[in-house]
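This report covers the surface and overall build of one protein, then a single residue.

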Amino acid sequence: MQATAEASAAAAPMVTAAPNDRYRLLGGPGSPYSLKMRALLRYRRLPHLWIVPRGYIGAGGELAEASKGIIPVLQYPDGAYRADTTPLIYDLERRHPGVRSVVPEDRAVALLSHLIEDMGDELLVSAMFDLRWGDEANQRFCATRQMYGWLGPAEPADFSAIIERFTRRQTKQRAQVAAGDNHAGLMAFYEALLDAMEALVQHMPYVFGDRPALADFGLYGQLSQCAIDPSASAIFRERAPRTYQWTQSLDDACGVEGDWAPRSIWEPHVRPLLALVGQYHLPLLQTSHDAVEQGVQQMERLIEGHCWLVHGQRYKHKCLVWLQREWQGLTLAEQDSVRGLLTETGCMPFLADGPTAQLPVPEMAPL
Ligand SMILES: N[C@@H](CCC(=O)N[C@@H](CS)C(=O)NCC(=O)O)C(=O)O
């Protein structure tokens, strides 16, 4: 099997021989996106193996062979490696249509779900990362447990050196994430998000009813780590105990059977989440997008009295354009059905002004 995989990798490096009849999810401990993807595969009952390859990205082995530069990587049954969870999830919808889908049939509701997921993937991640690497106690615990998860038993001296290197790398990144007012802004956002979720889960099992949607998995990925990391977890347990358990439960929802709720049920509880999308996520995404367009490294954005320092990130630039395209792809009737909600929650201007990108943005597709 190994020999076959190597031979086929030499001929076509992106594809190894089909390992079996199931997906192989290559992910890692402490990786919110890996756990998001695993929860999705479990909920959708798509046969898969969960694999933590030896070594971290770039350290040789299968992840290096897949050469995506990010985790998780999903190996399809045909042997192809693909990455980037949001496009992967949409691709799995196309490959396995109608089977425990996480995308509501109502395309306007599907857009709301995507907006909330994007907030999880692109903003909640920063709050998680800020707290994870924010002080020595968090760094020590998080680096140790993550590296043990990747490497298993190791010589103490080697292990200490690895932890030190990893911590240095992560804290350097964290300094950028939490610069200036960003830390205070992220903490305010984290608490507001927990409050909105805690209110929601008192009325509904999931964001749009009795079954999880893309929105749930986006939030779940980051919250799964907030539940573990010391400081994030302390805030989480204190502020949102139901959501804490919601996170544990969504880890494996393969037995959940349910349907979407009518709008009259979900709308009052989803509105506060969308208000956070409009208040924090889309303005920050727009600022990052603008920085990329203008070729500047960093721009400022004032939100709720905090002056955020926002880096231009090409991925975020694409995210905004993809959301705008999704809005524009709706029929007028579909747009009208959520225009009021998106306007009240401050989301509308960021979507309706259309793709402002001068730079080319490819269609959303797995990497
Ligand atoms: N948009 C990507 C983000 C994936 C991502 O950023 N993964 C992190 C780990 S959780 C990563 O691979 N970072 C690169 C690194 O640590 O070198 C997705 O949804 O899959």
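## Surface and charge

In this predicted model, the protein has an accessible surface of about 15200 Å². Carbon and sulfur atoms account for 54% of that surface.

The protein carries 34 positive and 43 negative charges. The mean position of the positive charges lies 4 Å from the mean position of the negative ones.

## Overall dimensions

Along the principal axes, the C-alpha atoms of the protein fill a box of roughly 60 × 45 × 45 Å. The radius of gyration is 20 Å, which agrees with a compact globule, because a globule of 367 residues would have a value near 21 Å.

## Fold and packing

The protein contains 15 helices and six strands. Of its 367 residues, 53% are buried.

Contacts between residues at least 6 apart in sequence can also be sorted by separation: 76% of them join residues at least 24 apart.

## Residue A110

A110 belongs to helix α5, which covers residues 107–132. Is A110 buried or exposed? Its relative accessibility is 8%, and buried means under 20%, so A110 counts as buried.

Leaving aside residues up to four places away in sequence, A110 touches V103, P104 and E326. Q248 is 138 residues from A110 in sequence. In space, the C-alpha atoms of A110 and Q248 are 24 Å apart.

Definitions and conventions
Residues numbered from 1 in each chain as written. Predicted model: local features only at pLDDT ≥ 70, side-chain atom pairs only at ≥ 80, totals over all residues. Heavy atoms only, no water. Helix = DSSP H or I, 4+ residues; strand = E, 2+ residues; numbered from the N terminus. Rg over C-alpha atoms; globule rule 2.2 N^0.38 Å. Buried < 20%, exposed > 50% of the residue type's maximum accessible area, 1.4 Å probe, protein only. Contact = heavy atoms within 4.5 Å. Areas by Shrake-Rupley, 256 points an atom, 1.4 Å probe, with all protein chains shown as cover. Lys, Arg positive; Asp, Glu negative; His and termini not counted. Charge placed at Lys NZ, Arg CZ, Asp CG, Glu CD.
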